[in-house]
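Here are my notes on the strands and sheets, for you to read with the model open. Tell me if anything looks off on your side.

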Amino acid sequence: MTTPRVYIQFDDFNLTDEVGLLRAQDERVGAVCSFVGTVRDRNAGAAGEVSTLELEHYPGMTEKSIEAMIDAAHQRFDIFNARVIHRIGVLQPLDQIVLVAVTSAHRGESFKACEFLMDYLKTQAPFWKKETTPDGAKWVDARVSDDAALARWGLDAANGTNHGGVHHNDVHHSDADAAAKAAPG
């Protein structure tokens with residue numbers, strides 16, 4: 001039985017456990033590369049400005065989108081396995097948000113695939129982020145730097161103009177509400 005490659009969850013994850021599962025009994029593995037993203041207490045502002053970060057997703061569509069990202073990484077890089085865990089719900093500064101882990105025979109392919117997946121995830125996966133600051137709660141827009149990171153792989157983020165998907169961080173509150181109302185539930 002194969003282990004799922006994508007998890008969207010409220011609960012925290014343990015890096016050691018996840019990497020162990022990813023490479024379990026695969027004697028071909030010579031490299032494991034992982035990235036863990038955490039909640040910062042700032043977003044282009046002063047320390048302590050962000051008190052919570054709330055993440056929402058579009059169930060079913062999000063998992064399918066990330067599976068397609070992993071398939072694309074397999075086509076581009078010589079990797080054995082990959083795993084993406086993305087948390088949702090209300091998170092605090094220092095909480096883990098995302099894990100991207102990749103196995104391969106050699107480090108170069110793992111590093112490239114891990115970075116590719118993270119760049120793709122930041123711009124293409126249907127997640128919405130809302131930050132709470134002393135001024136109130138606000139939905140977070142996509143960053144130009146994230147689109148530029150994706151572009152170096154020869155991909156265009158398009159900011160919602162050229163494809164049907166919703167981008168990570170690139171939805172305003174009313175759009176997220178509409179998506180939530182349209183979601184089966």
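1. A word on terms before the pairs: two strands count as paired if DSSP finds at least two bridges between them. Helices (H or I, at least four residues) and strands (E, at least two) are DSSP runs, numbered from the N terminus.

2. Ground rules: this is a predicted model, where local features need pLDDT of at least 70, side-chain atom pairs count only at pLDDT 80 or more, and totals for chains, interfaces and linings use all residues. Residues are numbered from 1 along each chain as its sequence is written, and side-chain values use heavy atoms, with hydrogens and water left out.

3. Strands E4 (residues 79-87) and E6 (residues 96-104) run antiparallel to each other, paired over 7 bridges. Look for Arg83 opposite Ala101 in E6.

4. That pair sits in an open sheet of 4 strands, ordered E1-E4-E6-E2, with mixed pairing. E1 (6-9) and E2 (31-38) are its edge strands, each pairing on one side only. Neighbouring strands here are turned by 10° on average, direction ignored; axes are lines fitted to C-alpha atoms, for helices over the stretch in contact (heavy atoms within 4.5 Å), and angles run from 0 to 180 degrees between N-to-C directions.

5. Helix H3 (residues 107-124) lies across E2, E4 and E6, at about 145° to E6.

6. Now the other open sheet: 4 strands in the order E5-E3-E7-E8, with antiparallel pairing. E5 (89-91) and E8 (136-139) are the edges, each pairing on one side only.

7. Within it, E3 (residues 52-57) and E7 (residues 127-133) pair antiparallel over 6 bridges, and Thr52 stands opposite Thr132 in E7.
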